[in-house]
Amino acid sequence: MEGKSSILIFVDDAPQPVGSFYSPVNFELDTRKLVDGDHYLRIVSQDPSGKEGVRKIPFVVRNGPDITVEGLNEDEVVDGVVPIMISAYGKGDQKIFLIESSETPRSIPNWVWVSHILFGGWAIYYLITQFTLN
């Protein structure tokens, strides 16, 4: 088309574009065909006079099961036996909600234990002071 910029859309370093359009364009990127991980969208535009512009937009695809690890952090220095809990679950078919395995099991955080101990200490103190005054 004359007077409009042409747009080629590439994913990563693919030699073939996923789309070729004239500006302006609405485009839907189907990430279900991409593996999980880091990717980038490379948009090459050429105006009617032949000048080119390129823009790269990095993005992360996370279509597969979500994997959580408790007990080992990235780049952590460890020694001895390290207990690790690994959980992985997917989204299902997204038409029905599956309650089973839809949440990641985790151990109880330390702040919960500390608050229980403080509350228990306060309750014991309260009971002792109430019964000794009578």
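**Aromatic rings and their labels**

Guide: Phe 27 has a relative accessibility of 29%, so Phe 27 counts as partly exposed. Note that the model is predicted.

Visitor: Why is Phe 21 called partly exposed?
Guide: Buried means under 20%, and exposed means over 50%. Phe 21 has 23% relative accessibility, so Phe 21 counts as partly exposed.

Visitor: What makes the pair of Phe 21 and Phe 27 edge-to-face?
Guide: Centres must lie within 6.5 Å, and planes over 60 degrees apart count as edge-to-face. Here the centres are 5.6 Å apart and the planes stand at 65 degrees.

Visitor: Why is the pair of Trp 122 and Tyr 126 called stacked?
Guide: Planes under 30 degrees apart count as stacked. The planes of Trp 122 and Tyr 126 are at 20 degrees, with centres 5.5 Å apart, so the pair is stacked.

Visitor: Where do Trp 122 and Tyr 126 sit in the chain?
Guide: They are in helix α1, residues 110-133. Being 4 residues apart, Trp 122 and Tyr 126 are separated by about one helical turn. Ring pairs also link Phe 119 with Trp 122 and Tyr 126 into a cluster.

Visitor: How do you know that Arg 42 lies over the ring of Phe 10?
Guide: The cut-off from CZ of Arg to the ring centre is 6 Å, and the direction must be within 35 degrees of the ring normal. Arg 42 is at 4.2 Å from the ring centre and lies over the face of Phe 10.

Notes. Residues numbered from 1 in each chain as written. Predicted model: local features only at pLDDT ≥ 70, side-chain atom pairs only at ≥ 80, totals over all residues. Heavy atoms only, no water. Phe/Tyr/Trp six-rings, centres within 6.5 Å; stacked < 30°, edge-to-face > 60°. Buried < 20%, exposed > 50% of the residue type's maximum accessible area, 1.4 Å probe, protein only. Helix = DSSP H or I, 4+ residues; strand = E, 2+ residues; numbered from the N terminus.
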